[in-house]
Amino acid sequence: MPPPLPPGPRDWTMGIWTAQQRATNTFTFFRGLQRDHGDIVHLRLGPYHDYVFFHSEQIREVLVTKARHFEKMPRIRRVMGQLDGNGLVTSEGDFWLRQRRLVQPAFHAKRLGGYGTVMVDFASRLVDRWRTHYAGSFVLDMDRAMTDLTLEIAAKTFFDADVSGKPGW
């Protein structure tokens with residue numbers, strides 16, 4: 001007999017309701033999960049089982065200590081592989097470990113503080129541009145704006161390149 005699953009929301013829609021709640025108000029959804037079900041939560045998403053961990057020690061246990069006992073979902077790997085190839089997100093095993101070690105210095109605690117400064121700077125510059133170029137109300141493609149902002153921040157923090165405002169960026 002398999003071990004019991006961690007607690008989680010009962011969803012008679014096989015995950016459709018859960019996915020909708022997750023997409024429409026992500027922060028409130030996850031706060032409610034932890035409040036109602038504890039520190040490890042099981043979600044059913046169609047034929048898939050999803051597990052949510054709320055503490056860094058648990059996440060470290062899964063992603064580092066016992067990483068070799070877990071596989072990335074084949075479907076997710078296929079979809080993400082179309083974007084990332086055999087990159088850090090989609091690779092596994094020794095190849096993944098080599099890639100992870102290559103990028104690890106970029107995420108050292110000493111460097112993360114500087115990233116926060118860059119993020120605040122770039123977000124402030126974006127708001128200033130909106131204020132300068134748009135008077136009154138306007139329609140904004142927020143998905144595009146946040147994607148561009150994310151790419152600008154990544155370019156600056158990882159490559160020390162300022163690409164904001166560049167055509168086609």
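Reader: Is Tyr115 buried or exposed in this model?
Author: The model is predicted. Tyr115 has a relative accessibility of 9%. Buried means under 20%. Tyr115 therefore counts as buried.

Reader: Which class does Phe158 fall into: buried, partly exposed or exposed?
Author: Phe158 has a relative accessibility of 38%. Buried means under 20% and exposed over 50%, with partly exposed in between. Phe158 therefore counts as partly exposed.

Reader: What kind of aromatic pair do Tyr115 and Phe158 form?
Author: The count of aromatic pairs comes to 3. In the pair of Tyr115 and Phe158, the rings are 6.0 Å apart, centre to centre, with 80 degrees between the planes. Planes over 60 degrees apart count as edge-to-face. The pair is edge-to-face.

Reader: How many residues apart in sequence are the parts that this pair ties together?
Author: Tyr115 lies in helix α6. Phe158 lies in helix α7, so the pair ties together parts whose separation in sequence is 43 residues.

Reader: Which residues do ring pairs link into a cluster?
Author: Tyr115 and Phe158 form an aromatic pair. Ring pairs link them into a cluster that also holds Phe107. The cluster is Phe107, Tyr115 and Phe158.

Reader: How are α6 and α7 set to each other?
Author: Helix α6 spans residues 109-133 and helix α7 residues 142-159. Their axes are 10 Å apart, at an angle of about 140 degrees. Angles over 145 degrees count as roughly antiparallel, and 65 to 115 as roughly perpendicular. α6 and α7 are therefore oblique.

Reader: How many nonpolar residues does the contact of α6 with α7 have?
Author: Residues of α6 that meet α7 include Val118, Phe122 and Leu126. Among those on the α7 side are Met146, Leu149 and Ile153. By class, the contact has 1 polar residue, 4 charged and, as nonpolar, 13.

Reader: How are α1 and α2 set to each other?
Author: Helix α1 covers residues 16-24, and helix α2 covers residues 26-37. They pack with axes 5 Å apart, at about 120 degrees. Roughly perpendicular runs from 65 to 115 degrees, and roughly antiparallel is over 145. α1 and α2 are therefore oblique.

Reader: Which residues in α2 does α1 meet?
Author: The α1 side has Thr18, Gln21, Arg22, Ala23 and Thr24. By class, the contact divides into 3 nonpolar, 4 polar and 1 charged. On the α2 side are Thr26, Phe29 and Phe30.

Reader: Which residues is Gly46 in contact with, leaving aside its neighbours within four places in sequence?
Author: Gly46 sits in the loop between β1 and β2. At 18% relative accessibility, Gly46 counts as buried. Its C-alpha atom is 7.8 Å from that of Ile16, 30 residues apart along the chain. Beyond those sequence neighbours, Gly46 is in contact with Met14 and Gly15.

Conventions
Residues are numbered from 1 along each chain as its sequence is written. This is a predicted model: local features need pLDDT of at least 70, side-chain atom pairs count only at pLDDT 80 or more; totals for chains, interfaces and linings use all residues. Side-chain values use heavy atoms; hydrogens and water are left out. Axes are lines fitted to C-alpha atoms, for helices over the stretch in contact, and angles run from 0 to 180 degrees between N-to-C directions. Helices (H or I, at least four residues) and strands (E, at least two) are DSSP runs, numbered from the N terminus. Angles under 35 degrees count as roughly parallel, over 145 as roughly antiparallel, 65 to 115 as roughly perpendicular and the rest as oblique. Contact means heavy atoms within 4.5 Å. Ala, Val, Leu, Ile, Met, Phe, Trp, Tyr, Cys and Pro count as nonpolar, Asp, Glu, Lys and Arg as charged, and the others, Gly among them, as polar. Rings of Phe, Tyr and Trp (its six-membered ring) pair if their centres lie within 6.5 Å; planes under 30 degrees apart count as stacked, over 60 as edge-to-face and the rest as tilted. Buried means under 20% relative accessible area, exposed over 50%, partly exposed in between (1.4 Å probe, protein chains only).
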